Amino acid sequence: MAKNSEYESLEHAIKTDQKQEELQYFVDEVGEYTVQGVGQWNGGLCSCFNNIYPSMFCSFFAPLLYTSLLYSKLTESRSNLYKCLAVFTSLNCLGFYFNFFTYNQNATYIIFMLGDVAILVLATKVRTGIRNVKKIPGSECEDLLVSVFCTSCSLAQSGRTLLEHDKICECV
């Protein structure tokens, strides 16, 4: 097993060397060190103006399409894009049907709320998937809270990280 002095020297190396902070060290049961790279989000949560198009415009004006696109890129399956769009389109069409032809406002609200909940669930799933793939520290609870309370900013940050967009707008 590793001795306490080895742990202390490892902690000292991590604190003094800037490059070492990007790595996580784990000690397994046998006492050997395992090194894993740690990723990070591409920009902060409110860094939307660093990349106005496509991440900011798409996440603010077309979150349904952008979430579906990010999910298909994350799963590397084009059919997932079409499945997501089919579910969202059918929920919206059903909501409009109930609104204009049956005049049942309660059913209309429920169906539109189901569409909103589906977007939030998918946005949370995309953010958690990106965090797992890129080895970004965080938790599923954090992903859920950010996706629910700051959906557009969360989608923009997820898109910048997954699609690896460079800074497009030099005005900020």
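1. The protein chain exposes about 10,900 Å², and carbon and sulfur atoms supply 61% of that area. Accessible areas come from the Shrake-Rupley method with a 1.4 Å probe, and for residues only the protein chains shown count as cover. Of the 172 residues of the chain, 34% count as buried; buried means under 20% relative accessible area, exposed over 50%, and partly exposed in between (1.4 Å probe, protein chains only).

2. On the source: this is a predicted model, in which local features need pLDDT of at least 70 and side-chain atom pairs count only at pLDDT 80 or more, while totals for chains, interfaces and linings use all residues. Residues are numbered from 1 along each chain as its sequence is written, and side-chain values use heavy atoms, with hydrogens and water left out.

3. The protein chain has seven helices and two strands, and along the sequence they follow the pattern α-β-β-α-α-α-α-α-α. Helices (H or I, at least four residues) and strands (E, at least two) are DSSP runs, numbered from the N terminus. Among contacts (heavy atoms within 4.5 Å) between residues at least 6 apart in sequence, 60% join residues at least 24 apart.

4. The largest nonpolar core has 16 residues, and those with the most contacts inside it are Leu-70, Phe-88, Leu-122, Val-126 and Ile-130. Helices α3, α4, α5 and α7 each supply at least two residues of this core. Such a core is a set of buried Ala, Val, Leu, Ile, Met, Phe, Trp, Tyr and Cys residues joined through side-chain atoms within 4.5 Å. Leaving aside neighbours within four places in sequence, Leu-70 is in contact with Val-126, Leu-155, Ser-158, Gly-159, Leu-162 and Leu-163.

5. Helix α7 covers residues 151–163. Its 13 residues reach 18 Å from the first C-alpha to the last, close to the 18 Å expected at 1.5 Å a residue; the expected span is 1.5 Å times one less than the number of residues. The helix is mostly covered, with twelve of its 13 residues buried, among them Cys-153, Leu-155, Gly-159 and Arg-160. The buried residues of α7 pack against α2 (52–61), α3, α5 and α6. Just after α7, Glu-164 takes a positive phi of about 55 degrees.

6. Two loop residues also deserve a look. Glu-76 lies in the loop between α3 (63–75) and α4 (78–102), and its phi is near 55 degrees, a positive value in a residue other than glycine. Glu-76 counts as exposed because its relative accessibility is 73%. Lys-135 is in the loop between α5 (105–133) and α6 (140–149) and has a positive phi of about 55 degrees although it is not a glycine. At 48% relative accessibility, Lys-135 counts as partly exposed.

7. Lys-125 belongs to helix α5 and, at 47% relative accessibility, counts as partly exposed. Not counting residues up to four places away in sequence, Lys-125 touches Tyr-71 and Leu-74. Lys-125 and Glu-140 are 15 residues apart in sequence and 8.9 Å apart in space, C-alpha to C-alpha.

8. Leu-94, Phe-96, Tyr-97, Phe-100 and Phe-101 form a nonpolar patch on the surface, with about 560 Å² of accessible area together. Of these, Phe-100 is placed in helix α4. Patches are made of residues with over 30% relative accessible area and no salt bridge, with like charges joined within 9 Å and nonpolar side chains (Val, Leu, Ile, Met, Phe, Trp, Tyr) within 5 Å. A salt bridge is a side-chain nitrogen of Lys or Arg within 4 Å of a carboxyl oxygen of Asp or Glu.
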